[in-house]
Amino acid sequence: MRETTAGPGTGGYLKGRIRREDIITAAVAVYGEAGYHGSSLREIAKRAGITHAGLLYYFPTKEALLAAVLERRDAEDAEREQLQATPGVDVLRHFLALAEHNVRHPGIVDLYSRLAAEAVAADHPAHDYFVRHYRAAREGVVGSFQALADRGELRPGVDPAAAALAFIALMDGLQVQWLTTPDEVDLVGSLRFYLGSLLTVPLD
């Protein structure tokens with residue numbers, strides 16, 4: 001039986017959106033437990049309380065659902081932490097706030113880390129997403145370090161591009177170490193220390 005949504009004015013649109021979000025939430029849980037390749041649409045449908053055919057109405061392929069999961073994470077992070085702020089120290093503060101949020105929500109960090117590792121393979125359906133994701137992250141941080149350098153707020157000799165690359169690598173690498181030994185790794189403190197070593201102005 002194919003599930004459908006009712007037309008405008010009947011509440012069907014809202015129900016459809018809620019159902020779609022329920023499916024994405026279920027996918028996050030299943031991906032976190034089994035990884036992308038180890039998961040199935042049938043299991044996700046079961047978790048969401050929907051038939052397999054009903055899930056396919058919203059997400060006709062496994063790749064489409066993965067894209068929706070990743071897009072929701074990026075949208076939530078960007079809105080909550082205002083990562084599109086004016087380049088400079090404010091953007092770096094927002095990245096620290098994002099790290100603080102991640103510490104409170106280890107499940108999504110675990111999912112992200114698993115998918116990022118799987119997506120190294122060029123034929124992984126999330127490969128292109130992570131290429132774009134890392135490129136955008138680097139460009140955003142480079143812009144902030146360059147703005148700081150132009151204002152004399154970056155220590156002499158610090159290359160903005162190299163500093164941005166190291167910051168993104170440090171953030172993701174620390175997340176993996178923190179997931180492995182959370183009592184031994186201060187994720188936020190380590191990022192703060194790195195940024196503090198580069199700036200001539202306080203972060204706070």
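A: Let us begin with a term: a residue is buried when its relative accessible area is under 20%, exposed when over 50%, and partly exposed in between, using a 1.4 Å probe and protein chains only. The model is predicted, so local features need pLDDT of at least 70, side-chain atom pairs count only at pLDDT 80 or more, and totals for chains, interfaces and linings use all residues. Residues are numbered from 1 along each chain as its sequence is written, and side-chain values use heavy atoms, with hydrogens and water left out.

Q: Which residues of H6 are buried?

A: Helices (H or I, at least four residues) and strands (E, at least two) are DSSP runs, numbered from the N terminus. In H6, the buried residues are Val109, Leu111, Tyr112, Ser113, Leu115 and Ala116.

Q: What span should the 13 residues of helix H6 have?

A: The expected span of a helix is 1.5 Å times one less than its number of residues. Helix H6 (residues 106–118) should therefore span 18 Å, and its end C-alpha atoms are 18 Å apart, which agrees.

Q: How many helices and strands does the protein chain have?

A: The protein chain has nine helices and zero strands. Read from the N terminus, its elements run α-α-α-α-α-α-α-α-α. Along the principal axes, the C-alpha atoms fill a box of roughly 65 × 40 × 30 Å. Of the 204 residues in the chain, 41% are buried.

Q: Is Ser144 buried or exposed, and with which residues is Ser144 in contact?

A: Contact means heavy atoms within 4.5 Å. Ser144 is found in helix H7 (residues 127–150). Its relative accessible area is 0%, so Ser144 is buried. Leaving aside neighbours within four places in sequence, Ser144 is in contact with Pro87, Gly88, Val91 and Leu92.

Q: Where is the place of Val185, and why does Val185 count as buried?

A: Val185 is in the loop between helix H8 (160–180) and helix H9 (187–198). Val185 counts as buried because its relative accessibility is 15%. Apart from neighbours within four places in sequence, the contacts of Val185 are Leu174, Gln177 and Trp178. The C-alpha atom of Val185 is separated by 31 Å from that of Ala122, which is 63 residues apart from Val185 along the chain.

Q: How many positive and negative side chains does the protein chain have?

A: Lys and Arg count as positive and Asp and Glu as negative, while His and the chain ends are not counted. The place of a charge is NZ of Lys, CZ of Arg, CG of Asp or CD of Glu. The protein chain has 21 positive and 27 negative side chains, and the centres of the two sets lie 6 Å apart.
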